[in-house]
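This report goes through one protein chain, from a local site to the overall fold. Please keep the sequence and the structure in view while reading.

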Amino acid sequence: KAAAESTATATAITATKAAATTKEKKKAKKKTTKKTTDTEMIDTTTDKKKTKQTLFVVPSVALALQQTTTLRANLPYRVETACAMTQQQSLKRLQETNILVATHGAIHDLLMHYGDVFSMRNFNLVVFDECHYANGNHQYKMLMDKWYHTLPIASRPHILGLTASPLMNVKHTHSDE
């Protein structure tokens, strides 16, 4: 009788743990779904959700390769580099990656010639490395003027500028534009 009660108790404990684990998994899944909704968009041709990408823009091929290597080594995401486009399979790989590291010239070409696949609205975050260049006639400024500021504010990705250079004449106010 004692052995039967012990077995029944052990079975009840196991069932309770399993139920608790299932509830925790469901809660975790709901939380993950809520977190990722800001990084998803609906593909209108297939009505399927597609994860938005992060774009990391750099001024040179050497920096693109360096950043790609660093991001791959430290993040659990797919990272691809766009320096010069050569083949259709490269486009598909770039389209399916989580993080796209590109020179300013390469991303300009992708936005200009493959606008059906690559659009500023498809990115959740754009990181500009060496952002102190983003003035005058530099390609960074042109990317912002032509591809970012033309979008409705709600469709724009977040922007992060990185620099190791001291900034001079910094404005003390900023606007959404």
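## The segment after β7

Ala-164 sits in the segment that follows β7 (158-162). The model is a predicted one. With a relative accessibility of 80%, Ala-164 is classed as exposed, because the cut-off for that class is over 50%. In sequence, Ala-164 is 33 residues from Cys-131, and their C-alpha atoms are 9.2 Å apart in space.

Cys-131 itself is partly exposed, at 22% relative accessible area. This value falls outside the buried class because buried requires under 20%. Cys-83 is also partly exposed, with a relative accessible area of 25%. How many disulfides does a search of the whole structure find? The search returns 0.

Glu-130 belongs to the loop between β6 and α5. Its phi is positive, about 60°, although Glu-130 is not a glycine. At 24% relative accessibility, Glu-130 counts as partly exposed.

## The largest nonpolar core

The largest nonpolar core has 22 residues. Which of them touch the most other members? They are Leu-55, Val-57, Leu-100, Ile-107, Leu-110 and Met-120. At least two residues of this core come from each of β3 (53-58), α3 (88-96), β5 (99-103), α4 (104-113), β6 (123-129) and α5 (139-148). Helix α5 gives the largest share, 5 residues. In soluble globular proteins, nonpolar side chains tend to be buried together.

Apart from neighbours within four places in sequence, Ile-107 is in contact with Leu-55, Val-57, Leu-100, Ala-102, Phe-123 and Leu-143. There is also a second, separate core of 9 residues, with Val-58, Ile-99, Val-101 and Val-127 among them.

Is β5 mostly covered or mostly open? Strand β5 is mostly covered, with 5 of its 5 residues buried. The burial applies to both faces: Ile-99, Val-101 and Thr-103 are buried on one side, and Leu-100 and Ala-102 on the other. Leu-100 is a member of the largest core, whereas Ile-99 and Val-101 are included in the second one.

Strand β5 pairs with β3 in parallel through 5 bridges. Within this pairing, Phe-56 has Val-101 of β5 as its bridge partner. Strand β4 (residues 79-82) also runs parallel to β5, over 4 bridges. There, Glu-80 is bridged to Leu-100 of β5.

## Aromatic side chains

The count of aromatic pairs comes to 1. Separately, Arg-156 lies over the face of Tyr-148, 5.2 Å from the ring centre.

## The chain as a whole

The secondary structure consists of 5 helices and 7 strands. Along the sequence, these elements follow the pattern α-β-β-β-α-β-α-β-α-β-α-β.

The chain has 177 residues, of which 28% count as buried. Taking contacts between residues at least 6 apart in sequence, 57% join residues at least 24 apart.

Note on methods:
Residues are numbered from 1 along each chain as its sequence is written. This is a predicted model: local features need pLDDT of at least 70, side-chain atom pairs count only at pLDDT 80 or more; totals for chains, interfaces and linings use all residues. Side-chain values use heavy atoms; hydrogens and water are left out. A nonpolar core is a set of buried Ala, Val, Leu, Ile, Met, Phe, Trp, Tyr and Cys residues joined through side-chain atoms within 4.5 Å. Buried means under 20% relative accessible area, exposed over 50%, partly exposed in between (1.4 Å probe, protein chains only). Contact means heavy atoms within 4.5 Å. Two strands pair if DSSP finds at least two bridges between them. Rings of Phe, Tyr and Trp (its six-membered ring) pair if their centres lie within 6.5 Å; planes under 30 degrees apart count as stacked, over 60 as edge-to-face and the rest as tilted. A charge sits over a ring if NZ of Lys or CZ of Arg is within 6 Å of the ring centre and within 35 degrees of the ring normal. A disulfide is a pair of cysteine sulfur atoms within 2.5 Å.
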